[in-house]
Amino acid sequence: MNYQLWPGKPNRLGATWDGNGTNFALFSENATGVDLCLFDSAERETRLSLREVHNYIWHVYVPGVGPGQRYGYRVSGPFNPESGHRFNPHKLLIDPYTRAIEGDILHSDPIFGYPNKEPVTDLIQSVSDSAGYVPKCVVVDEHFDWEGDRHPQTPWHETIVYEVHVKGFTQLKPDIPPHLRGTYAGLAHPAAIAHLKSLGVTALELLPVHHFLTYPGHLATKGLRNYWGYDSIGYFAPHAGYSASGTCGEQVREFKHMVKALHAAGIEVILDVVYNHTGEGGHLGPTLSLRGIDNAAYYRLVDEQERYYMDFTGCGNSLNVSHPQSLKLIADSLRYWVQVMHVDGFRFDLASALARELYEVDRLAAFFDIIHQDPVLSDVKLIAEPWDIGEGGYQVGNFPLLWSEWNGKYRDTVRDFWRGQDSTLGELAFRLTGSSDLYEANGRRPHASINFVTAHDGFTLRDLTSYNEKHNLANGENNRDGEDHNRSWNCGAEGRTSDPKILALRAKQQRNFLTTLMLSQGVPMLLGGDELGRSQRGNNNAYCQDSEIAWFDWNLSPENLELLEFVRELIRFRRDHFSFRRRDWFQGREIHGSGVHDIGWYNADGSEMTEMQWHIGSAKEIAVFLNGEEIPAPSPYGDRVIDDSFFLLLNANDEVVPFSLPDWLQARKWEVLIDTNLPRITNGNRAYTNSQPIRVEAFSLLLLRRVDFDSAGLPP
């Protein structure tokens, strides 16, 4: 087919259809030539040489080319890996700005930029054509009727995050039609949304939905797949494998429908994004996109050994965030997902890698400057996974204003406490109250702490209470993969058991973790499926398990139905009480004239904690008074916020501990609302007064509420 070519414009990268034709624009600083490759339905390729270059952007406008057109690029330039250049016109390349990708990568020698034969060396250029082995980009029509869709903009202190996998959540859900299971449309189905609404979660944090690949290697040879999706190859393209249609760019429209349906239910959409590396891997990885477009500009290369890649992620490469175009790629992608796809925020995978200007993590790196100055991105939810695998990469508490963080210290402290491991009560107190030791000094509030006990990476909650060791043989790596130090406890038997005492303890431990999570200051994140008692059979690294190991099992036992109802009640309880979702820090003093401090810490005998006791590692019981009359932040309308007052008792000993109310609280009646020995919230059918001892069973938590809330003040 003969195409008419116009110069086009360089000011919008990617493929932009305007109703009459499509403008194509590609950045490459070191290329000597660029061909746009158009493919018809019979896979016949037409190559169009781009002649217009402005500011290293190669561009052309092709009249008559519109939505559904599949395309790619071939880029010419020096092939000199030792100098950081890996241009190879024999390789078809994915446009990093494409809005949709069609097809899967075929694991064959032509996808590599060098002859993938023994002896393997990446210093020789491959002349095998890869066009038949790599996915194609697709021109899309970005028009969509949002019908007045608006971002829910749930305040941080009212947010409850639900981390979930698009496919895993819906793949086995019986009330979703089979053809929609595992897709964006399945997640938008009324049955899926009904479950989320009944839970009371306010935001979905979706595991990666940028188009990703299964990296050539042991997964492909063993019939496993990249299930989690942490090998992105298209930062603007929703993963086609999660689309009910998956062809001709329809995944873009389907994703928008999903967002619109979730927004209509008041649920925000947060994307787990992987800008720290791409799916092209290290120096022996395939040439699929950025490596062949401009390797030296897009990737961080080893100084004076530019054949190799700096790897702060363990995935073979790191994006070169010190290069303006790499930063522009990230910022453009983020804005696209907010403005065009209407998402509400982002969780940045291994975010410390993005902060590395040179080798050290820099809190004032250009990446953060761009985010903070951007009027769009500075107004959405920003969550950092505050670590990478490089030296100095553990940066919990060190991210700047506007950022919340996955609080790994919260996870570790709460796990250690409830399994009876020695740790200081001072550490636990910080985690329960929003981790002011990590976030207050730099001006952030409790919502900077994203509290979690479990996440996709590691044991599910049920497995955390059922296994001491990982059981990852299904991953095909002889159980070498995955974390070895899980801070887990099997409660007396490894894995499946019929022992009723062990099963009862496991159920109680799950309630302990969930209750602690929902009663802590900060933002709770619930791992999807924990409310259902989901197990991965002891697999703590299910990244490659696109199978029933990782999918949700919706055939719930009576015990798991009980757990589901407990979680619903627990989230509802948190939503109803400001005492557990404060916007500001506790101050340890009287604020509104109630006569007592906003918070108090007590021993089991009712005496106040001493300074020395905070540092005793063997102590495993503590009580906390929360004064509902001393909440400093007003309501959105400026009114004073008043809540019930609570007394929280935690016992991680392996024996019963009798607690006593402090003397000054004994004049009031205290009813038990939550007792984790019971499968449901109790609604106050048990109460304590005066010096009556409060029996707290081994490994359990009690929450008491002061009954006479309307009485005038408290005794001194």
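1. Which residue stands opposite Lys-381 in strand 20? The answer is Gly-345, and the pairing it belongs to joins strand 19 (residues 345-348) to strand 20 in the parallel sense over four bridges, where two strands pair if DSSP finds at least two bridges between them. Helices (H or I, at least four residues) and strands (E, at least two) are DSSP runs, numbered from the N terminus.

2. A word on the basis of this note: the model is a predicted one, in which local features need pLDDT of at least 70 and side-chain atom pairs count only at pLDDT 80 or more, while totals for chains, interfaces and linings use all residues. Residues are numbered from 1 along each chain as its sequence is written, and side-chain values use heavy atoms, with hydrogens and water left out.

3. Strand 20 (residues 381-384) is covered on both faces, with Lys-381 and Ile-383 buried on one side and Leu-382 and Ala-384 buried on the other; buried means under 20% relative accessible area, exposed over 50%, and partly exposed in between (1.4 Å probe, protein chains only). Strand 20 is also joined by three bridges to strand 21 (residues 403-406), and these two strands run parallel, with Leu-382 standing opposite Trp-403 in strand 21.

4. Four strands form an open sheet with antiparallel pairing, in the order 1-2-6-5. Its edge strands are strand 1 (14-17) and strand 5 (52-54), each of which pairs on one side only, and the twist from one strand to the next averages 25 degrees. Strand 5 is paired with strand 6 (residues 57-63) in the antiparallel sense over three bridges, and in strand 6 Ile-57 has His-54 opposite.

5. Strand 25 (residues 621-626) is mostly covered, since five of its six residues are buried. Strand 24 (residues 599-602) pairs with strand 25 in the antiparallel sense over four bridges, and Tyr-602 is found opposite Ala-623 of strand 25.

6. Helix 10 (residues 425-432) has six of its eight residues buried, so it is largely enclosed by the rest of the structure. The buried residues are Leu-425, Gly-426, Leu-428, Ala-429, Arg-431 and Leu-432, and they pack against helix 9 (408-418), helix 11 (436-439), helix 13, strand 24 and strand 25, where contact means heavy atoms within 4.5 Å. Just after helix 10, Gly-434 takes a positive phi of about 100 degrees.

7. Helix 13 (residues 500-519) packs with helix 14 (residues 558-576) at an angle of about 20 degrees, their axes being 10 Å apart; axes are lines fitted to C-alpha atoms, for helices over the stretch in contact, and angles run from 0 to 180 degrees between N-to-C directions. The two helices are therefore roughly parallel to each other, on a scale where angles under 35 degrees count as roughly parallel, over 145 as roughly antiparallel, 65 to 115 as roughly perpendicular and the rest as oblique. On the side of helix 13 the contact is made by Gln-510, Arg-511, Leu-514, Thr-515, Leu-517, Met-518 and Leu-519, and on the side of helix 14 by Leu-563, Phe-566, Val-567, Leu-570, Ile-571, Phe-573 and Arg-574. These residues divide into ten nonpolar, two polar and two charged, with Ala, Val, Leu, Ile, Met, Phe, Trp, Tyr, Cys and Pro counted as nonpolar, Asp, Glu, Lys and Arg as charged, and the others, Gly among them, as polar.

8. Helix 14 also meets helix 3 (residues 190-199), where the axes come within 8 Å and cross at roughly 55 degrees, and helix 3 and helix 14 are therefore oblique to each other. The contact is made by His-195, Ser-198 and Leu-199 of helix 3 with Leu-564, Val-567, Arg-568 and Ile-571 of helix 14, and its residues divide into four nonpolar, two polar and one charged.

9. Ala-297 lies in helix 6 (residues 290-298) and is buried, with a relative accessible area of 2%. Not counting residues up to four places away in sequence, Ala-297 touches Phe-27, Glu-29, Asn-320, His-323 and Ser-326. Of these contacts, His-323 is 26 residues from Ala-297 along the chain, and their C-alpha atoms are separated by 6.4 Å.
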